[in-house]
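Student: Please take one part of this model, the surroundings of the ligands, and go through it closely. I would like the contacts, the cover and the make-up of each shell.

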Amino acid sequence: MQTLNVDLGDRSYPIFIGANILSNQQLLAPYIKGKQVMIVTNETVAPLYLEALKSGLKGFKVDEVILPDGEQYKNADSIDMIYSALLSKRHNRTTTLIALGGGVVGDMCGFAAATYQRGVEFIQVPTTLLSQVDSSVGGKTGINHPLGKNMIGAFHQPNVVLADTETLTTLPERELSAGIAEVIKYGLIRDPEFLSWIEADMPKLLACDQAALSKAIYDSCRNKAEIVALDEKESGCRALLNLGHTFGHAIEAHQGYGNWLHGEAVGAGMMMATLMSEKLGWLSSEEVGRVSQLIESAKLPVAGPADMSKEDFIHFMSLDKKNLDHRIRLVLLKGIGNAVITSDYPMSAFEDTLVAG
Ligand SMILES: NC(=O)c1ccc[n+]([C@@H]2O[C@H](COP(=O)([O-])OP(=O)(O)OC[C@H]3O[C@@H](n4cnc5c(N)ncnc54)[C@H](O)[C@@H]3O)[C@@H](O)[C@H]2O)c1
Ligand SMILES: O=C(O)C(=O)C[C@@H](O)[C@H](O)[C@H](O)COP(=O)(O)O
Ligand SMILES: [Zn+2]
């Protein structure tokens, strides 16, 4: 088992990465302050891992709420299901929520924890590659709105993250690829050495090789933990973790949540950010080719939906949370491993990218 720490002073917490750890009472119990526990999971994950998790919670009063499965259910109705379960089972402020699932479950569980009785504690037990490399770390929680992705939420850090790599053995291939999008992102924004490793070991990642996945998870979480420690609430460098997301969130919202997986939209979005960086003279055509080859090798899309117009992109991107002064702020690449956030670019370069996207 590997351990990382997210350094946030008296709110610091560990990330444990290893096989068959989600039923380990020694890892869970120290991060549950009271006697009550509410497990938040969904219809797909519950039959796979709920009983294993409960076996590591002996002596606690454990309840569970099983949500419908899908990005389209990352909404207020699902949050209300969690609140109703907590209230009907008389959970008080000493309760601890446990998110058992991917990023959708984790974001909603975290938001319910941030808001139930003005805030209770929670634990992340991520079970997709994407949630193990990204969503379970850093405290971004929330739900979608029809007008935009993740538009309602809160920053609320977990007490601990248990990334059980054994759970990835049941993950569909399409979901594995979606998680690799966020892994590639760390290499592109700040870690060129990691990017070279991803390129070389892509076949192992796609084959669900445990050693390769463990390294990808560790190095992704290391990158994310470093950024979160520097800029927890995204007033600066944390925005770089949004590479590809301004385009990608527009794709998800336009296509209807759940049609494009988040990681697929991010893959297409990172390609669009790369192409725009080339138009600004910041990337060479060889570098663009390298990024395209890498995203494609992960079985991810390298372009947006054919039925999405320039106006569709602008409609959703103009609502993005990073925007200031009515200018769309984009994370672009001034080189491989060198991301910047800017709204200072020629509109022609932006619009040409949207048309090509
Ligand atoms: N908070 C953050 O920092 C952050 C970061 C990245 C992404 N996100 C959010 O995360 C979401 C995407 O997360 P995701 O990619 O994990 O999607 P997801 O949560 O929808 O999970 C993907 C699918 O895999 C299923 N599943 C989960 N674990 C499984 C397992 N072990 N075996 C088999 N099936 C399993 C799920 O039920 C679902 O059908 C998006 O809403 C995105 O906005 C948040
Ligand atoms: O943790 C962050 O910060 C990220 O940007 C990680 C992203 O991969 C993730 O999709 C996040 O939810 C997007 O943030 P948002 O603020 O644009 O919703
Ligand atoms: Zn993301």
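Tutor: Helices (H or I, at least four residues) and strands (E, at least two) are DSSP runs, numbered from the N terminus. The model is predicted, so local features need pLDDT of at least 70 and side-chain atom pairs pLDDT 80 or more, while totals for chains, interfaces and linings use all residues. Residues are numbered from 1 along each chain, chains are lettered from A and ligands numbered from 1 in the order written, and side-chain values use heavy atoms, without hydrogens or water.

Start with ligand 2. Its shell (residues with a heavy atom within 4 Å) holds 14 residues, and the closest are Asp134, Lys140, Asn150, Lys224 and Arg238. H6 and helix H9 (245-255) each contribute at least two residues to this shell. By class, eight of its residues are charged (Asp, Glu, Lys, Arg), five are polar and one is nonpolar. Domain 1 (2-170) and domain 2 (173-356), with bounds from an automatic or database assignment, each supply at least three residues.

Polar contacts are N or O pairs within 3.5 Å. Oxygen atoms of ligand 2 are involved in the following ones. The side chain of lysine 140 has an N or O atom at 2.8 Å, glutamate 182 has a polar side-chain atom at 3.1 Å, and leucine 241 has a backbone N or O atom at 3.5 Å. The protein buries 91% of the 430 Å² that ligand 2 exposes when taken alone (Shrake-Rupley, 1.4 Å probe).

Glutamate 182 belongs to helix H6 and is buried, with a relative accessible area of 1% (buried means under 20%). An unreviewed UniProt entry lists Glu182, together with His245 and His262, under "binding site"; such annotations may be inferred rather than shown by experiment. These residues are spread over 81 residues of sequence, yet the largest C-alpha distance among them is 10.3 Å.

Ligand 1 is surrounded by 28 residues, with Asp69, Thr127, Thr128, Lys149 and Thr170 the closest. Its shell has ten charged, eleven polar and seven nonpolar residues. Because domain 1 (2-170) and domain 2 (173-356) both give residues to that shell, ligand 1 lies between them. A side-chain N or O atom of lysine 74 is 2.8 Å from an oxygen atom of ligand 1. Threonine 127 places a polar side-chain atom 2.7 Å from a nitrogen atom of ligand 1, and threonine 128 places one 2.7 Å from an oxygen atom. Of the 870 Å² of accessible area that ligand 1 has on its own, the protein covers 91%. Elements giving two or more residues to this shell include helix H2 (46-54), strand S8 (148-155) and helix H6 (173-190).

Key
A polar contact is a pair of N or O atoms within 3.5 Å; within protein, one must be able to donate a hydrogen and the other to accept it, and residues adjacent in sequence count only if both atoms are side-chain atoms. Buried means under 20% relative accessible area, exposed over 50%, partly exposed in between (1.4 Å probe, protein chains only).
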